[in-house]
Amino acid sequence: MAKRVGAPPLPVTRRLFAGLGFAVAMGSYYGEKLIGKAAAAPMRNTGMSVFDFEFTSIEGEKLPLSAYRGKPVLVVNTASFCGYTPQYTELEKLWDLYKDKGLVLVGVPSDDFGRQEPGTNAEIKAFCEGFDVSFPMAEKNVVAGAKAHPLYKWIAQSMGEGATPRWNFFKHLFGRDGQPIASWPSRVSPTGPEIRKAVEAALAAKPNA
């Protein structure tokens, strides 16, 4: 990553983040206490799939999810200054483990929760480079409420309101057919057995299942 004049070197940025992360960790923790776990809800067939939606990438280019048709897709709403932000490292590890087997991982920055993603897309991109993020990242989006991106409105329709993001780093997994499989709240580790088991099952499914 090219270093701007006057910008601190990356190790300093990481140390600064560590301090800020500690400062907001308790807010994130109690936010999670208030929202609880994602509620299980019956899947409702809306006649649509995740492949019907499109983002704009963090670089400003089209990011149609139809480009990943036939592959499992994990979508995660992210934030740079959250107590859960170190999950970027775990997400990158999950991506490294399964991308060659067909998993697609898309990060969706959002400032919806705790005002923890205040920066521009360029600033978010530079921040993510500090975590060596290589999976696709969308531009900053609204993921909750009336102004949410259409994908997140569809998640509420198909999975129920209990599956919609209520904090940063909610995870949503979709199968090869583009239909929702499961969602996990912020505290669930991307590399933990719960998510890895679901990802491996999605990868094992036949493309036309």
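Two strands pair if DSSP finds at least two bridges between them. I noted this rule before I opened the model, which is a predicted one.

**Entry 1: the strand pair E5 and E6**

I looked up strands E5 and E6 and found that they pair in the antiparallel sense, over 4 bridges. Within this pair, Leu173 stands opposite Ala182 of E6. The two strands make a hairpin, and 5 residues lie between them. In the turn I recorded Gly178, whose phi is positive at about 85 degrees. Is strand E6 mostly covered or mostly open? I found E6 (residues 180–184) to be mostly covered, with 4 of its 5 residues buried.

**Entry 2: the loop residue Ser49**

I next turned to Ser49, which belongs to the loop between helix H1 (10–35) and strand E1 (54–56). I recorded a relative accessible area of 7% for Ser49. Buried means under 20%, so Ser49 counts as buried. Which residues does Ser49 touch, leaving aside those up to four places away in sequence? I listed Trp154, Asp177, Gly178 and Gln179.

**Entry 3: helix H5**

I then examined helix H5, which runs over residues 193–204 and has 12 residues. From its first C-alpha to its last, H5 reaches 16 Å, close to the 16 Å expected at 1.5 Å a residue. Which residues of H5 are buried? I wrote down Ile195, Ala198, Val199, Ala202 and Leu203. These residues cover an arc of only 135 degrees around the axis, and therefore they lie on the same side of H5. On the other side of the helix, I found Pro193, Lys197 and Ala204 exposed. I also asked what covers the buried residues of H5.

**Entry 4: aromatic rings**

A pair of aromatic rings is described by the distance of the centres and the angle of the planes. I counted 7 aromatic pairs in the chain. For Tyr88 and Phe169, the ring centres are 5.5 Å apart and the planes stand at 85 degrees. Planes over 60 degrees apart count as edge-to-face, so this is the class of the pair Tyr88 and Phe169. The pair links distant parts of the chain, as its members are 81 residues apart. Tyr88 is in helix H2 (residues 87–98), while Phe169 is in the loop between helix H4 (150–159) and strand E5 (171–174). I noted that both Tyr88 and Phe169 are buried.

A further pair is formed by Phe127 and Phe131, with 5.6 Å from centre to centre and 50 degrees between the planes, and it is tilted. Phe127 has a relative accessibility of 13% and therefore counts as buried. Phe131, at 16%, counts as buried too. Ring pairs join Phe81, Tyr88, Phe127, Phe131 and Phe169 into a cluster.

**Entry 5: the chain as a whole**

Finally, I looked up the overall figures. The chain has 5 helices and 6 strands, in the order α-β-β-β-α-β-α-α-β-β-α along the sequence. Of its 209 residues, 48% count as buried. Among contacts between residues at least 6 apart in sequence, 73% join residues at least 24 apart.

Definitions and conventions
Residues numbered from 1 in each chain as written. Predicted model: local features only at pLDDT ≥ 70, side-chain atom pairs only at ≥ 80, totals over all residues. Heavy atoms only, no water. Buried < 20%, exposed > 50% of the residue type's maximum accessible area, 1.4 Å probe, protein only. Contact = heavy atoms within 4.5 Å. Phe/Tyr/Trp six-rings, centres within 6.5 Å; stacked < 30°, edge-to-face > 60°. Expected span 1.5 Å × (residues − 1). Arc of directions from axis to C-beta.
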